[in-house]
Amino acid sequence: MTFKPTLKGVTFAVAATLAASAAYAEDDTIKVGVLHSLSGTMAISETTLKDTVLMMVEEQNKRGGLLGKDLEAVVVDPASNWPLFAEKARELLTQEEVDVIFGSWTSVSRKSVLPVLEELNGLMFYPVQYEGEESSKNIFYTGAAPNQQAIPAVDYLMNDLGVERWVLAGTDYVYPRTTNKILEAYLKDHGVAASDIMINYTPFSHSDWQSIVSDIKSFGSQGKKTAVVSTINGDANVPFYKELGNQGISAEDIPVIAFSVGEEELSGFDTSPLVGHLAAWNYFQSVDADANYDFIDMWHAYIGDEDRVTNDPMEATYIGFNMWVQAVEQAGTTDVDAVEKAMIGQTTPNLTGGMAVMNKNHHLSKPVLIGEIQDDGQFEVVWETMGVVPGDAWSDYLPGSKMLLADWAFPLECGNFNVESGACSGQSYE
Amino acid sequence: MTAHPHSLELFRRDRVWPFLMPPEPRVDVSHQVILYVEGLNLSFDGFKALNDLNLYVNDGELRCLIGANGAGKTTLMDVITGKTTPDSGTVHFGQSIDLLHHDEARIAQLGIGRKFQKPTVFEAQTVADNLELALKTNKGILPTLFSQLSSEQEDRIHSVLHTIGLVQQKRLLAGNLSHGQKQWLEIGMLLVSEPRLLLIDEPVAGMTPEETERTAELLTSLAGKHTVIVVEHDMEFVRSIARTVSVLHQGSVLAEGTMDQVQNHPDVIEVYLGEDA
Amino acid sequence: MRLAFVFWFGLLVLWASPVWAEEPSAEVNTLLEQLTEAGLRETQPILERLASSGDEAVVLPLFQTLLDGDLYYRRSDGRLLVETDVDGDDHYVDYFSGEDYGELGRREQSKVRINNSLRGYLSEAIARMQLSHEDPAVRTAAVRSLLDDLDENTVSLLAEARAGESHREVRQALDLALAMYTAEQGENSAARITAIQDLSESLETDVRNLLFQLSEYSDDGGVKAAAAEAMQAIDQKVTFYGYVDQLFFGLSLGSVLLLAAIGLAITFGVMGVINMAHGEMLMLGAYTTYVVQLMMPNMINQSLWVAIPMAFLVAGSVGILIERCVIRFLHGRPLETLLATFGISLILQQTVRTVFSPLNRRVASPDWMSGSWEINPVLSLTYNRLTILIFAVVVFVALLLIMKKTSLGLQVRAVSQNRAMAKAMGIKTDWVDALTFGLGSGIAGIGGVALSQLTNVGPNLGQSYIIDSFMVVVFGGVGNLLGTLVAAFTLGIANKFMEPVTGTVLASILVLVFIILFIQKRPKGLFPQRGRAAE
Amino acid sequence: MSILRSVLSRQPAGQRVLPFVVILFGVTVLASLGNLLVPESSSLHVSTYTITLLGKYLSYAMLALAVDVVWGYCGILSLGHGAFFALGGYAMGMYLMRQIGDRGVYGHPTLPDFMVFLNWDSLPWYWFGMDQFWFAMIMVALVPGVLAFVFGALAFRSRVSGVYLSIITQALTYALMLAFFRNEMGFGGNNGLTDFKDILGFSLQSDGTRVALFIATAVLLALVYGVSQWILGSRFGKVIEAVRDGEARVRFLGYRTDRYKVWLFVYSAMIAGLAGALYVPQVGIINPGEFAPLNSIEVVVWVAVGGRGTLYGAVLGAILVNYAKTRFTALLPDGWLFALGALFLLVTLFLPKGLAGLYGQVREGLNRHSNTPATAEETTP
């Protein structure tokens, strides 16, 4: 059939192809959707996670697949475009009919996908540390909540380093805003005066840090031990750290503790001037554990490059994937409702030598580690929590969410249950 | 219908609403002079394009401007039509209208039309559309949006088409016309806009001798009803139409008079034939 | 980092005894054994005992290696190792015997871990040991690093050093330290007040903090008043230097903008090509730097000198290619060159992403660009910013000379002003076009080398500078190189002086709004081309 | 009366509108029926995914149309139309946010979640009235319109044109992007507005609402198409085209071209705003990313690909390029930018009039047997 390139023909072609592609859902594989940006600004972080999921899928298939079927990864590229995340999620769920999605990095992409997941009853694993204040029936959060990263980090600075003055520096978006809000409340609870807290926000990809670093320098030279808590995002970190190094702010004078800087970010520049600055995560590549060494070997073998690093979101993906596999095996089906029920209470080894537990609020229990940057771009663990810390969906330090509780187990089955009013609001699933 | 007759008036399709009509420009020519140009000075980066230039043109006159390249002919036209603002000097249209206080569009609405050196017709539009755009009519936004050609206007366009000999090409895109035809079309656009004063820059450049002759006839016939200022290099042509000629040199008027007077003017001879003559 | 190691290693060899020297005494040996087994909290007592063992020849290099994070031990027997670079591979060498154990796997060796407080302890201990170092600069630095922690022991050490010190600067530093001690702990108020008055000349932050403490909490009224007065004097100077600092920041931002925009001032300003791929030329320059460093891993200090001409060639030839293949077909249609070059920019970005991966690449800074030039304790200019500022001006002057003094420049100007006439006069306009575009792109490539020292080297590098570049060129006036210079520095300084008041985001927005309004007022920029030719 | 008559009597324009409307409605009706009436098991079923995708394409088509009106017909290359689109989207988003009411995660009766989270205790003034659909819809057109008016009045009066104009429109959208990223602005910062529940009382998650939105988009696109065709077919349109080809000349004919340009720009901005408002409920989110300069440039490319200076070309270009994007990013994620970049190059080099001009170009080429490159003939900037 031939037609002139008219609007009519084209639109029909669109409709026809799209409709047709839905008809090919095969039943002999279990489909795993991968929703990570492969182009655009977020590609730099997310491409690694796509590779991690593909590696895990390959490994699982080597072990004989799942429920007697092979796993099949379906990769789409939402191109760092937030509305496209929703569209691609819909495509994965309705056209490709995937059984689970591993995806998203930024909060906004998760927020964009969330209504689609709830509408179509999909299942997604979100592997990045985030601001909390959310618990959806259809999402499992395998990254850290603020109480699994920020609060222990501040405890460490306060108790072990004797920090009295605080700079909270972040990129202007929701994660730093929430984290800093929580920290501000937390610090004030611990007797820190408002004049000893400096809060600063910068735009995405900020590249000229001269003034801010110099402000930090003078803020920090008032005689009290000062630390910077950095929630600066992605791109902006390299020029920030370069400026720190050049202006001679050493970790002994003013330590900077970061929540968004991991091995991957450090691999982009020379860390020798930054030795001793800190990061708080639930995993570091340098952790001395056999599970970790195995994982690193597997990663290097898969990616074919000994220089590639591993990082915390990769561990979160690893845990999420293994938990999902266990839950599917336990439920005997990939049906979302059954898997969701089976997920709660799942335990699986993490990469730091302990066990990760999925809690009723869809967040994990994880250990919190604090590492110092080394001159080879790795972190050296200098402190860790005694045991694991359960993730808290709703912060106890925010007035709006103090009274909220997430519990997806019977009988509550609510992501934001208001303890005071007894109401469960904001749910848009059926 | 008992509507007030005046309100009915509002909906007549051949009229725009009165409150949208700009006040009819009245050019006061009680002293017979329609254009006063006095003491114009203009320099670009040190180059004096106009140097204390004075020029008076009578109503209904046909005036030719001649002069070497860079004498300031085109710059003078730019100043009169509002394209360029002089450093000093005044330009008055009739007794009362100070042209320096108006922009190009207003000056055109006042009744000064201009034909450029290079024919600039709208090549992507038809010959008829080109003329329609040039019609003397309300040029405001809403009137233009809702306007329709009235039968008088269509007649007007048709008669101009006839004058410029493009009746056959009425529906042709202007871009497909020959160079001479474009020149004619541009003259037609001038005619259809019924200006009081026409500024015509090199009208016969690139025309065949026949066309040149017709142009000369047309321009002479225009004089009287309209005032015409022609800039031209073709001396034959100037001689054939000119009653009064002004010679521009280095931004000011060197001589003025009939062709013969000008040609025998000592200053002109000196400038054109060299100092040693 | 290997590079840093080489550097420090070199230093070590220069001033300390060779690393693998005599085997230490039994006491030290036991301590070292404990060191490899200790947890972070137990390390400091061991180090203190090591320091007090008195064996400086062993302890000083050991502490230095530890501080540099190069001290490892073998898991099997606890032998101390140093990580050493051998032909580009990390080898582990026995700390004492110098025996090379080759590359050891993750599970065979471990690092002797230190943390920030240990690092602090180590640098202080090293400083104390270095009070008698032969280099006066090292001695000064040692004294200054002790300022924040002056106890009786240290002070007596310092007083002793003062007695035998002959170098002027070291003496000044020592005097300052002793004055601080007197101001705080002096026997009578008169002595304390005199000391405080001496201190008011100093801009050291430790001094200021001490004075602040005294002015707020001192029991002695006279001391309190003197401290407050001294502090006021210091604060005035600090404010002044603050402005100087801001000005420098502004100039520095301006130089970055200049480097980013200067290539565009040629391609867009002179040729009228709206080159949306300009940012990618910057990116190519930055990646060239990366590749050059990959090819000469042991010569980072020299690599930039190779990278600059290379970047010019790479970006320049890509530019010529673009001109020959695309832009020459689009003469006189500036808006279409915008679309075409935008397409090119996407292709270049994706090419880089495919070849080098979407991850940022690590570009090392040469040593002469790290650190800062400390004019005084509150004013220090970072070397990289300073270098880039000078570099930007040099590039600008060079470009200006090319445009004004060479025949290429003359032809370029001729073609840009009147193509047909230039052609008629025998100028090969095609050739000139290609070279001009190549020149603009090449200059952008050089700008990219500079940017690689400041920011991320990744596929998005170009994108983040393209809008700024256009703003600078348009603000300065298209076709006017000097305008570009003035515009870049004006915007840089304006931005930096607004930032403290409005915050970063608002400052950028205000600058943009200002440019939009400015263009309304002067559509042709700060320095417009005038005359009929410009129409 | 005279208006109506003049609308109806403009035959040439009317003739061009009709086939477009017929095709558009045909597709719309078929797709809608395919979604609502055909059972899911059938191969003729049109999935909701397809419906939202088509809806998105049509809103993009409307945006492309808006750009074409100013660029193709008047030569104003706006690299900032994404700003008007996003502003319209935000106005709609604000309405949808207010519709959530107390169903947000914090359960606050009026404040959207992000405000509760920022500890605000009352709505900022510019959020008032946005709970009324009619008011929000006025804002959808008014806000972009006013911005375009202010910007246009400034720029066109001072005769900023060509490249300079393009670049300051880009600066405009960039500045707005930075501004909307700020959390203090009260538009949700980077996250923007999302998690909408319903529109006019209908759940946004039901197929019926989605189909209705899709149909509404199609109807409004047809309407806008018709009105634009009528405007451009009027003498106003002739003036506009004349401005594109020789603005100075038009001024000497007595038209105040700056005013013509301002009003056309305002009209175009309003269409863009409307397109944004239709886009937001269909994709479910609006955030400052829509202001990114890159987006605006992409729109220009759709128009260039389809063929500027023809309205159906713009619509065609938007739909085609976006369809290609959807397919490409699924099949070959790494290749998309290569393809898009190559598309830009090829179209500007070989198809200056876009696909819509392809037919004429081919015919001309056959007739003339000429070897001159197609590009050499183009005269418009």
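Me: How many helices and strands does chain B have?
Reply: In this predicted model, chain B has eleven helices and ten strands. A stretch counts as a helix with at least four residues and as a strand with at least two.

Me: What share of chain B is buried?
Reply: Of the 277 residues in chain B, 49% are buried. The accessible surface of the chain comes to about 13,100 Å², and 51% of that belongs to carbon and sulfur atoms. As for contacts between residues at least 6 apart in sequence, 67% of those in chain B join residues at least 24 apart.

Me: Why is C:Q130 called buried?
Reply: Buried means under 20% relative accessible area. C:Q130 has 12%, so C:Q130 is buried. You'll find C:Q130 in helix α5 of chain C, residues 116-130. Its C-alpha is 61 Å from that of C:A434, which is 304 residues away along the chain.

Me: How do you know that the span of α21 in chain C is close to the expected one?
Reply: The expected span is 1.5 Å times one less than the number of residues. Helix α21 of chain C (residues 504-521) has 18 residues and reaches 26 Å from first C-alpha to last, with 26 Å expected, so the span is close to the expected one.

Me: Which elements do the buried residues of α21(C) pack against?
Reply: Buried residues there include C:V505, C:L512 and C:F518. The buried residues of α21(C) pack against elements of chains A, C and D, among them β7 (197-202) of chain A, α20 (481-502) of chain C and α6 (133-157) of chain D.

Terms used. Residues are numbered from 1 along each chain as its sequence is written. Chains are lettered from A and ligands numbered from 1 in the order in which they are written. This is a predicted model: local features need pLDDT of at least 70, side-chain atom pairs count only at pLDDT 80 or more; totals for chains, interfaces and linings use all residues. Side-chain values use heavy atoms; hydrogens and water are left out. Buried means under 20% relative accessible area, exposed over 50%, partly exposed in between (1.4 Å probe, protein chains only). Contact means heavy atoms within 4.5 Å. Accessible areas come from the Shrake-Rupley method with a 1.4 Å probe; for residues, only the protein chains shown count as cover.
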